[in-house]
Amino acid sequence: MKLNTLNRHIVTLGALAAAIVLTLPTGASAQRGAGGGARGGMFNNPGVRMWTLVDDDLEKFTEDLALTEAQTESMNALLADFREKNEGGLERYAGLRERMDAARGGGAGGRGAMQGVMQEYRQVMETLGPVLEKLHEDFGELLDEDQTKKLAELLQPPRRPGG
């Protein structure tokens with residue numbers, strides 16, 4: 001059941017990425033590059049994908065990685081510090097995910113509302129993108145080689161059938 005939730009969020013992020021790419025002027029998208037812009041950093045950011053897994057089901061995430069008790073304690077301390085320092089951005093991000101789900105489900109507002117969501121998402125990711133990357137790096141330092149491989153597998157976007 002949780003896999004469906006993860007897939008739904010990844011599909012939502014993918015749809016939002018496509019919509020953002022379509023709304024960006026060509027010059028602006030070329031200038032943004034991979035350093036946190038909508039095309040490069042935001043959806044290729046393993047920190048964003050990792051945060052989605054952690055935020056959706058932390059217990060499953062730790063079980064999937066087979067974390068030791070010491071690793072779990074270190075991860076919980078890392079997450080507590082991260083949440084405290086980024087509380088406002090994380091609240092905005094969670095609200096945007098809810099609005100994206102509603103819009104995908106046929107919610108009111110149409111294209112104009114979606115453009116507003118996309119603009120806000122870009123703003124949030126300019127702040128959160130780099131700190132989520134740092135969270136991913138810091139968390140990676142807690143893992144052994146097998147766990148690092150497993151994390152990389154967990155962060156891969158699902159493959160589409162026939163693709």
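On one side of helix 5, E59 and E63 are exposed (over 50% relative accessible area, 1.4 Å probe, protein chains only; buried means under 20%, and partly exposed lies in between). The model is predicted, with local features needing pLDDT of at least 70 and side-chain atom pairs pLDDT 80 or more, while totals for chains, interfaces and linings use all residues. Residues are numbered from 1 along each chain, and side-chain values use heavy atoms, leaving out hydrogens and water.

Helix 5 spans residues 58–65; helices here are DSSP runs (H or I, at least four residues), numbered from the N terminus. Its buried residues are F61, T62 and L65. After the helix comes A66, with a positive phi near 55°.

Where does F61 belong? F61 is, with W51 and F139, among the residues with the most contacts inside the largest nonpolar core, which has 27 residues. Such a core is a set of buried Ala, Val, Leu, Ile, Met, Phe, Trp, Tyr and Cys residues joined through side-chain atoms within 4.5 Å. Helix 8 gives the largest share, eight residues.

Helix 5 also meets a neighbour: L58, F61 and T62 contact M75, N76 and L79 in helix 6 (heavy atoms within 4.5 Å). The two helices pack at about 140°, with axes 12 Å apart; axes are lines fitted to C-alpha atoms over the stretch in contact, and angles run from 0 to 180 degrees between N-to-C directions.
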